[in-house]
Amino acid sequence: MMGVVNVTPDSFSDGGLYLDPEAAISHGVDLVRAGAAILDVGGESTRPGAEEVPAEEELRRVVPVVQGLADVDAVISVDTSKATVAEAALDGGAGIVNDVTALRGDPEMAALCADREATVVLMHMVGSPRTMQADPSYEDVVAEVKAFLAGRLEAALAAGVAEERIWLDPGIGFGKTAEHNLELLRRLSELAELGRPLVIGTSRKSFIGGVDGSAASERLGGTIASSVLAAAEGADVLRVHDVAEVGQAVAVATAILG
Ligand code: HH2
């Protein structure tokens, strides 16, 4: 379980709740108590249409929270596409760089991750958060996302990131229609063929609202259903806001399925 700690005013489901560093740190501690093995700390919303945050502001939001969580019993991940932010977070004790641009956003990022021996999450996204939902279209979304991730895996290896430190993520909600997201989740086992751990983030996302019309605050049931099925199809890391609830659902599903 990767628990989400959004230190932002504008995240789509929890924007503003943890902008104060003390509130974010205490939320992170709660998520670890609830069962998170990883905390993903982010200072920039990537919701559709989000504006970029300048590096100084992202540093101001993220670094005190990473430092404040350095002693918790979880690995800290930093959700950023900026090398300066990733570097400061690694200095503060983070071990994972979760880059939604898959090392394409900042030319310094790949070398930094290689040098610092960070684990890297490479995620699929079309365009940028500002543009990604304009008109997503694919011939075969699973084949195209798989080819993209295979290419980014090669690029990370070429930059010197060790294979065992590379995780992959199809980027649920990043440049996809609701049907594309459902198709990816239905055929996750094809992405598992890439041979690297899969990170899946369905938490509270709009494809759930696409099924039943629910608002972001009403998507716990859909988050649980999609997370349990993703785990059954080969997801290794579930990036969620509701760690206790999803963790219990996965534990029970695992106990039944064996
Ligand atoms: N989703 C979000 C942000 N970062 N990283 C990975 N690897 N995979 C994801 O699916 C993913 C991610 C969006 O969720 P959230 O952080 O709740 O919202 P916001 O971007 O508005 O802060």
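On a 1 Å grid over the protein atoms alone, a pocket is an open set of points where a 1.4 Å probe fits, with protein on both sides within 12 Å along at least five of seven lines, and its lining residues have an atom within 4 Å of a point. A molecule sits in a pocket if more than half of its atoms lie within 2 Å of its grid points.

Before you click: this is a predicted model, where local features need pLDDT of at least 70 and side-chain atom pairs count only at pLDDT 80 or more, while totals for chains, interfaces and linings use all residues. Numbering runs from 1 along each chain as its sequence is written, and side-chain values use heavy atoms, with hydrogens and water left out.

**Stop one: the ligand.** Select the ligand; the space it takes is the largest pocket. Now show the 17 residues around the ligand (a heavy atom within 4 Å). Ser-11, Ser-45, Thr-46, Asp-169 and Lys-205 come nearest. By class, this shell has five nonpolar, seven polar (Gly among them) and five charged (Asp, Glu, Lys and Arg) residues.

Next, pick out the polar contacts (N or O pairs within 3.5 Å). The side chain of Ser-11 puts an N or O atom 2.4 Å from a ligand oxygen. For Phe-12 it is a polar backbone atom, 3.0 Å from a ligand oxygen, and for Asn-6 a polar side-chain atom at 3.2 Å. Of the ligand's own 480 Å² of accessible area (Shrake-Rupley, 1.4 Å probe), the protein covers 98%.

Colour β1 (2-6), β5 (119-123), α6 (178-186) and α8 (206-212): each supplies at least two lining residues.

**Stop three: the second largest pocket.** Its volume is about 330 Å³. Select Glu-44, Glu-52, Ser-81, Thr-101 and Pro-129, the closest to its centre among 20 lining residues.

Notes: A polar contact is a pair of N or O atoms within 3.5 Å; within protein, one must be able to donate a hydrogen and the other to accept it, and residues adjacent in sequence count only if both atoms are side-chain atoms. Helices (H or I, at least four residues) and strands (E, at least two) are DSSP runs, numbered from the N terminus. Grid points are joined across faces, edges and corners, and a volume is the space filled by probe spheres set on the points.
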